[in-house]
Amino acid sequence: MLLSLTTTHQPATDLGFLLHKNPDRVQSFELSFGRALVFYPEATAERCTVALQVEVDPVALVRDRRGPGGAEGLLDQYVNDRPYTASSFLSVAMGQVFRSALSGLCKDRPGLVGDPIPLRACLPVLPCRGGESFLRPLFEPLGYRVEVTRLPLDERFPEWGESPYYSVALEQLIPLKDLLAHLYVLIPVLDDDKHYWVGQDEIEKLLRRGEGWLAQHPEREQITHRYLKRQRSLTRDALERLCFEDGEDPDQVQNAQEATEARLEASLSLNERRIQTVAELIVQSGAKRVVDLGCGEGRLLQALMKAGSFDELLGIDVSCRALGIAHKRLHLDELPHKWQGKVQVAQGALTYRDDRVKGVDAAAVVEVIEHMEADRLEAFEQALFGCARPRMVVLTTPNAEYNVRFLNLVPGRLRHDDHRFEWSRAEFRAWAQGVAERNEYEVEFSPIGAEDPEVGAPTQLAIFSRS
Ligand code: SAH
């Protein structure tokens with residue numbers, strides 16, 4: 001696989017200083033999965049091109065693979081596109097071979113590091129899941145002129161049609177370190193097939209290399225999701241941190257109620273009952289300013305608009321996708337006169353203080369806490385009960401004991417892939433009572449759904465109030 005970078009900055013051979021690679025030499029670097037070569041096909045004062053060629057050794061890859069490989073991919077392990085196409089291997093190679101340049105270090109030309117210089121990056125074979133219509137929105141908002149050519153499967157047999165690979169050139173006046181960071185993050189995003197296990201430390205890499213651009217990128221949700229190999233829990237953590245690095249534009253994940261949970265609970269139409277119960281409690285309380293925290297697709301807000309009259313209804317969620325659906329569901333662009341200026345949805349994370357929530361009369365938190373890491377609950381408690389301090393908080397969460405009554409739920413599994421925990425009644429009570437005591441609230445419990453004599457009702461609800 002190949003990446004080339006060309007500049008016409010004068011003198012163009014400064015590129016060698018920026019990359020810490022002498023244009024006169026071919027240099028070779030051993031990598032855990034093969035070898036990287038750095039060489040300069042041209043190096044004059046007017047124009048200089050550096051090439052990074054990465055050779056992946058597929059046999060070494062198989063040899064190093066730990067654990068059972070699974071029979072289905074035996075041939076695929078040896079015969080695949082990895083040696084030829086730009087992928088996470090290229091990013092790893094860039095991270096090692098161009099480490100100083102990526103970090104913006106340059107002893108010999110320190111002044112040049114932050115300077116925009118004319119650069120053209122060429123990736124002759126870039127796999128691109130999602131095609132050109134995914135590729136352009138990744139690079140164009142970053143200011144690149146993008147040239148894309150789709151490659152045929154085999155140029156000798158045009159009738160075989162097109163391949164999933166593209167030849168791509170990106171051009172702009174930009175500091176080299178920024179271009180490298182963009183490629184480092186976006187190449188694996190396009191390929192969408194990381195070769196290594198992705199864990200928490202990948203978030204650190206993403207945030208470090210995404211610093212200064214990712215938080216404002218219109219596709220940040222997709223980028224983060226794919227970069228973290230579609231692991232929703234990691235994605236949300238990353239987006240949550242990203243949005244707060246960005247200042248005020250909290251971020252999101254696609255994370256609405258998923259099919260499993262909906263299917264499980266459908267027979268009880270539990271969701272419906274939850275929403276109705278919470279809406280009634282809020283209407284009865286006489287609250288005028290209400291916030292729905294983790295509002296998802298806006299069902300509770302819709303029920304509230306049907307059930308009562310309010311001065312302000314605000315839905316907050318970390319997921320942009322869910323908010324988009326809420327926006328449509330509530331017809332926020334064409335609200336009837338009665339509701340104009342009174343209903344809004346906005347991005348935000350529950351684990352951070354938020355002035356928009358301060359002083360509301362009532363807050364709903366319906367089926368949300370179980371989506372947070374348990375160690376973030378303290379931050380959530382601080383932000384809501386310690387800082388915003390609504391007069392009333394209505395909060396629901398699944399009752400884990402009831403799970404044995406769901407016939408199609410594998411024992412021991414949670415109701416939803418994204419749930420981090422599900423609590424028994426005793427666990428929920430202990431937590432809720434602790435919250436109430438620590439923050440000077442009263443708390444009452446009121447289960448939702450038919451109560452089973454042994455395991456209780458499917459949903460637990462707590463009403464917190466303060467005088
Ligand atoms: N309350 C809605 C949605 C529940 S699904 C309903 O009952 O229909 C859980 C929602 O919480 C998702 O939309 C998810 O994006 C949101 N969420 C989870 N953790 C969050 C956090 N830390 N900050 C903001 N929203 C969060």
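Let's start in the loop between strand E11 (362-366) and helix H15 (377-388), where you'll find Glu367. This is a predicted model, so keep that in mind as we go. Glu367 isn't a glycine, yet its phi is positive, at about 55°. Is this residue buried or exposed? With a relative accessible area of 5%, Glu367 falls under the 20% cut-off and therefore counts as buried.

Arg389 sits in the loop between H15 and strand E12 (392-398). Here is another non-glycine residue with a positive phi, this time about 45°. Arg389 has a relative accessibility of 23%, so it counts as partly exposed.

Gln10 and Pro11 are joined by a cis peptide bond, with omega at about -10°. As for where that is, Pro11 belongs to the loop between strand E1 (2-7) and helix H1 (14-19).

Next, a pair of helices. Two packed helices are described by the angle between their axes and the distance between the axes. For helix H7 (residues 176-191) and helix H8 (residues 200-209), the angle is about 145° and the axes are 9 Å apart. Their crossing is left-handed. Which residues make the contact? On the H7 side they are Ala181, Tyr184 and Val185, and H8 brings Lys205, Leu206 and Arg209. Sort the residues of this contact by type and you get four nonpolar, two charged and no polar ones.

Over in helix H13 (residues 299-307), have a look at Ala303. Its relative accessibility is 10%, so Ala303 counts as buried. What does it touch, once its neighbours within four places in sequence are set aside? The contacts of Ala303 are then with Ile275, Gln276 and Ala279.

Last, the cysteines. A disulfide is a covalent bond between the sulfur atoms of two cysteines. How many disulfides does the structure hold? The count is zero.

Terms used: Residues numbered from 1 in each chain as written. Predicted model: local features only at pLDDT ≥ 70, side-chain atom pairs only at ≥ 80, totals over all residues. Heavy atoms only, no water. Disulfide = S-S within 2.5 Å. Helix = DSSP H or I, 4+ residues; strand = E, 2+ residues; numbered from the N terminus. Buried < 20%, exposed > 50% of the residue type's maximum accessible area, 1.4 Å probe, protein only. Contact = heavy atoms within 4.5 Å. Axes fitted to C-alpha atoms, helices over the stretch in contact; angles between N-to-C directions. Left-handed = near helix turned anticlockwise from the far one by under 90°. Nonpolar A, V, L, I, M, F, W, Y, C, P; charged D, E, K, R; others polar.
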